[in-house]
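This report covers side-chain contacts and helix packing. Please have the sequence and the model open while reading.

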Amino acid sequence: IHTSSARKNARIEFVDCSLDTQTVERIVLGYRDDETGRFNRGALEVANGGTVIFANIDALDESFQKRLYTILQELPDYELDVRILATTSKNLSKLVSAGKFSRALYTYFSGVQIDMVALRERGTDVELIARHFINEFAAETDHGSINLAEEAAHKLSEYNWSQNITELKSFIRKTISNMEGDTLDLQAITN
(Lines give C-alpha, C1' and ligand atoms only; values in the text may rest on other atoms or scores of the structure.)
Protein backbone atom coordinates (compact mmCIF):
# COMPACT_ATOMS: atom_id res chain seq x y z
CA ILE A 1 0.00 0.00 0.00
CA HIS A 2 2.74 2.44 1.00
CA THR A 3 5.18 1.75 -1.83
CA SER A 4 2.46 1.90 -4.47
CA SER A 5 1.14 5.26 -3.33
CA ALA A 6 2.06 8.91 -3.70
CA ARG A 7 3.55 8.60 -0.20
CA LYS A 8 6.19 6.08 -1.28
CA ASN A 9 9.07 8.56 -0.94
CA ALA A 10 8.05 9.49 2.61
CA ARG A 11 8.74 7.56 5.78
CA ILE A 12 6.90 4.47 6.92
CA GLU A 13 6.89 3.82 10.66
CA PHE A 14 5.77 0.69 12.51
CA VAL A 15 4.27 0.68 16.00
CA ASP A 16 4.08 -2.74 17.66
CA CYS A 17 0.99 -2.47 19.86
CA SER A 18 1.87 -5.68 21.69
CA LEU A 19 4.59 -3.81 23.57
CA ASP A 20 3.83 -2.31 26.96
CA THR A 21 1.67 0.83 26.97
CA GLN A 22 4.44 3.19 28.04
CA THR A 23 6.70 2.02 25.20
CA VAL A 24 3.89 2.29 22.63
CA GLU A 25 3.11 5.80 23.83
CA ARG A 26 6.77 6.83 23.55
CA ILE A 27 7.01 5.37 20.04
CA VAL A 28 3.82 7.10 18.90
CA LEU A 29 4.28 10.50 20.57
CA GLY A 30 8.00 10.75 21.13
CA TYR A 31 9.88 11.31 24.38
CA ARG A 32 12.66 13.30 26.01
CA ASP A 33 15.84 11.29 26.56
CA ASP A 34 16.68 11.45 30.28
CA GLU A 35 20.44 11.32 29.68
CA THR A 36 20.83 13.83 26.83
CA GLY A 37 17.70 15.93 27.28
CA ARG A 38 17.15 15.54 23.53
CA PHE A 39 13.58 15.07 22.32
CA ASN A 40 13.06 12.02 20.12
CA ARG A 41 10.16 12.60 17.75
CA GLY A 42 7.34 10.07 17.68
CA ALA A 43 6.26 7.93 14.75
CA LEU A 44 3.38 10.25 13.85
CA GLU A 45 5.71 13.22 13.43
CA VAL A 46 8.56 11.27 11.81
CA ALA A 47 6.18 9.79 9.23
CA ASN A 48 4.55 13.12 8.34
CA GLY A 49 3.63 12.78 4.67
CA GLY A 50 4.04 9.01 4.92
CA THR A 51 2.49 6.06 6.70
CA VAL A 52 2.27 4.72 10.24
CA ILE A 53 1.29 1.08 10.70
CA PHE A 54 -0.09 0.01 14.05
CA ALA A 55 0.80 -3.69 14.08
CA ASN A 56 -1.22 -5.99 16.33
CA ILE A 57 -3.73 -3.23 17.10
CA ASP A 58 -5.84 -5.80 18.97
CA ALA A 59 -3.07 -6.03 21.61
CA LEU A 60 -3.19 -2.31 22.39
CA ASP A 61 -3.88 -1.78 26.06
CA GLU A 62 -7.48 -0.69 26.66
CA SER A 63 -6.28 2.29 28.69
CA PHE A 64 -4.40 3.68 25.68
CA GLN A 65 -7.10 2.97 23.07
CA LYS A 66 -9.19 6.05 23.94
CA ARG A 67 -6.13 8.28 24.03
CA LEU A 68 -4.91 6.98 20.67
CA TYR A 69 -8.31 7.65 19.12
CA THR A 70 -8.19 11.25 20.38
CA ILE A 71 -4.63 11.69 19.08
CA LEU A 72 -5.56 10.36 15.64
CA GLN A 73 -8.60 12.64 15.48
CA GLU A 74 -6.38 15.66 16.27
CA LEU A 75 -3.68 15.00 13.64
CA PRO A 76 -4.95 17.77 11.30
CA ASP A 77 -4.76 20.26 14.20
CA TYR A 78 -1.01 19.60 14.36
CA GLU A 79 -0.67 19.81 10.56
CA LEU A 80 0.35 16.18 10.36
CA ASP A 81 -0.57 14.34 7.18
CA VAL A 82 -0.12 10.66 7.92
CA ARG A 83 -1.80 7.60 6.43
CA ILE A 84 -2.76 5.37 9.33
CA LEU A 85 -2.98 1.59 8.86
CA ALA A 86 -3.50 -1.17 11.39
CA THR A 87 -2.97 -4.92 11.36
CA THR A 88 -4.57 -7.59 13.47
CA SER A 89 -4.98 -11.32 13.52
CA LYS A 90 -8.12 -11.04 15.65
CA ASN A 91 -11.74 -10.24 14.84
CA LEU A 92 -11.99 -6.67 16.13
CA SER A 93 -15.77 -6.64 15.76
CA LYS A 94 -16.01 -9.48 18.28
CA LEU A 95 -13.59 -7.71 20.60
CA VAL A 96 -15.75 -4.56 20.43
CA SER A 97 -18.87 -6.63 21.25
CA ALA A 98 -17.04 -8.19 24.20
CA GLY A 99 -16.03 -4.73 25.45
CA LYS A 100 -12.32 -5.42 24.93
CA PHE A 101 -11.70 -2.95 22.12
CA SER A 102 -12.81 0.65 21.74
CA ARG A 103 -15.78 1.07 19.40
CA ALA A 104 -14.51 4.53 18.37
CA LEU A 105 -11.03 3.21 17.50
CA TYR A 106 -12.58 0.25 15.68
CA THR A 107 -14.71 2.64 13.62
CA TYR A 108 -11.63 4.74 12.85
CA PHE A 109 -9.72 1.71 11.54
CA SER A 110 -12.58 -0.10 9.81
CA GLY A 111 -12.83 2.17 6.75
CA VAL A 112 -11.19 -0.30 4.37
CA GLN A 113 -10.41 -3.86 5.37
CA ILE A 114 -8.06 -6.16 3.50
CA ASP A 115 -8.29 -9.76 4.59
CA MET A 116 -5.00 -11.61 4.22
CA VAL A 117 -4.59 -15.34 4.13
CA ALA A 118 -2.56 -16.56 7.11
CA LEU A 119 1.07 -17.33 6.31
CA ARG A 120 0.60 -20.97 7.33
CA GLU A 121 -1.97 -21.30 4.53
CA ARG A 122 0.21 -19.74 1.83
CA GLY A 123 2.39 -22.75 0.98
CA THR A 124 5.32 -21.79 -1.24
CA ASP A 125 5.03 -18.10 -0.34
CA VAL A 126 6.77 -18.96 2.92
CA GLU A 127 9.94 -19.84 1.03
CA LEU A 128 9.84 -16.59 -0.98
CA ILE A 129 9.30 -14.49 2.15
CA ALA A 130 12.00 -16.42 4.05
CA ARG A 131 14.47 -15.79 1.20
CA HIS A 132 13.63 -12.09 1.34
CA PHE A 133 14.40 -11.95 5.08
CA ILE A 134 17.56 -14.06 4.62
CA ASN A 135 18.87 -11.56 2.05
CA GLU A 136 17.84 -8.61 4.21
CA PHE A 137 19.53 -9.91 7.36
CA ALA A 138 22.62 -11.14 5.49
CA ALA A 139 23.12 -7.59 4.20
CA GLU A 140 22.50 -6.07 7.64
CA THR A 141 25.04 -8.33 9.33
CA ASP A 142 27.69 -8.38 6.58
CA HIS A 143 27.20 -12.14 6.60
CA GLY A 144 27.61 -12.32 2.84
CA SER A 145 25.40 -14.45 0.65
CA ILE A 146 23.33 -17.04 2.49
CA ASN A 147 21.76 -19.99 0.71
CA LEU A 148 18.53 -21.65 1.78
CA ALA A 149 18.77 -25.42 1.47
CA GLU A 150 15.81 -27.11 -0.21
CA GLU A 151 15.00 -29.34 2.79
CA ALA A 152 15.07 -26.30 5.10
CA ALA A 153 12.77 -24.38 2.73
CA HIS A 154 10.36 -27.32 2.75
CA LYS A 155 10.43 -27.50 6.57
CA LEU A 156 9.76 -23.75 6.85
CA SER A 157 6.78 -24.10 4.48
CA GLU A 158 5.31 -26.91 6.60
CA TYR A 159 5.56 -25.04 9.91
CA ASN A 160 2.39 -23.53 11.43
CA TRP A 161 3.41 -19.85 11.69
CA SER A 162 0.87 -18.73 14.28
CA GLN A 163 2.39 -15.24 14.47
CA ASN A 164 2.51 -14.97 10.67
CA ILE A 165 5.30 -12.95 9.07
CA THR A 166 6.42 -11.42 12.36
CA GLU A 167 7.28 -14.87 13.70
CA LEU A 168 9.01 -15.94 10.47
CA LYS A 169 11.08 -12.73 10.38
CA SER A 170 12.15 -13.13 14.01
CA PHE A 171 12.98 -16.80 13.44
CA ILE A 172 15.12 -16.05 10.37
CA ARG A 173 16.95 -13.23 12.20
CA LYS A 174 17.70 -15.46 15.21
CA THR A 175 18.75 -18.40 13.04
CA ILE A 176 21.15 -16.31 10.95
CA SER A 177 22.72 -14.74 14.03
CA ASN A 178 23.38 -18.21 15.48
CA MET A 179 24.41 -20.09 12.34
CA GLU A 180 27.85 -20.90 11.05
CA GLY A 181 28.64 -21.08 7.37
CA ASP A 182 26.70 -19.72 4.44
CA THR A 183 23.83 -22.21 4.14
CA LEU A 184 20.67 -22.14 6.16
CA ASP A 185 20.03 -25.86 6.24
CA LEU A 186 17.82 -28.24 8.20
CA GLN A 187 20.33 -28.40 11.07
CA ALA A 188 20.44 -24.58 11.34
CA ILE A 189 16.65 -24.23 11.53
CA THR A 190 16.16 -27.05 14.03
CA ASN A 191 18.81 -25.84 16.50
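This is a predicted model: local features need pLDDT of at least 70, side-chain atom pairs count only at pLDDT 80 or more; totals for chains, interfaces and linings use all residues.

Residues are numbered from 1 along each chain as its sequence is written, and side-chain values use heavy atoms, with hydrogens and water left out.

**Salt bridges**

The structure contains 3 salt bridges (a side-chain nitrogen of Lys or Arg within 4 Å of a carboxyl oxygen of Asp or Glu). They are listed here.

| Glu-13 | Arg-11 | 2.4 Å |

Accessibility is given as relative accessible area: buried means under 20%, exposed over 50%, and partly exposed in between (1.4 Å probe, protein chains only). In the bridge between Glu-13 and Arg-11, Glu-13 is buried at 15%, whereas Arg-11 is partly exposed at 46%.

Helices (H or I, at least four residues) are DSSP runs, numbered from the N terminus. Both partners count as partly exposed, Glu-25 with a relative accessible area of 25% and Arg-67 with 40%.

Arg-131 and Glu-127 are both in helix 6 (residues 125-140), where they are 4 residues apart, about one turn of the helix. Arg-131 is partly exposed at 32% relative accessible area, and Glu-127 is partly exposed at 25%.

**Aromatic rings**

A pair of aromatic rings is described by the distance of the centres and the angle of the planes. Rings of Phe, Tyr and Trp (its six-membered ring) pair if their centres lie within 6.5 Å; planes under 30 degrees apart count as stacked, over 60 as edge-to-face and the rest as tilted. The whole structure has 6 aromatic pairs. One of them joins Tyr-69 and Tyr-108 edge-to-face, at 6.5 Å centre to centre and 85 degrees between the planes. Here too distant parts of the chain are linked, with Tyr-69 in helix 3 and Tyr-108 in helix 5 (residues 103-109), 39 residues apart. Tyr-69 is partly exposed at 25%, and Tyr-108 is partly exposed at 29%.

Tyr-108 also pairs with Phe-109: the ring centres are 5.4 Å apart and the planes stand at 90 degrees, so this pair is edge-to-face. Phe-109 is buried, at 13% relative accessibility. Phe-54, Tyr-69, Tyr-108 and Phe-109 belong to one aromatic cluster.

A charge also meets a ring: the charged end of Arg-26 sits over Tyr-31, 3.8 Å from the ring centre. A charge sits over a ring if NZ of Lys or CZ of Arg is within 6 Å of the ring centre and within 35 degrees of the ring normal.

**Helix packing**

Helix 6 packs with helix 8 (residues 164-178) at about 45 degrees, and their axes are 9 Å apart. Axes are lines fitted to C-alpha atoms, for helices over the stretch in contact, and angles run from 0 to 180 degrees between N-to-C directions. Helix 6 and helix 8 are therefore oblique to each other (angles under 35 degrees count as roughly parallel, over 145 as roughly antiparallel, 65 to 115 as roughly perpendicular and the rest as oblique). Their crossing is right-handed, meaning that the near helix is turned clockwise from the far one by less than a right angle.

Terms used
Helices (H or I, at least four residues) and strands (E, at least two) are DSSP runs, numbered from the N terminus.
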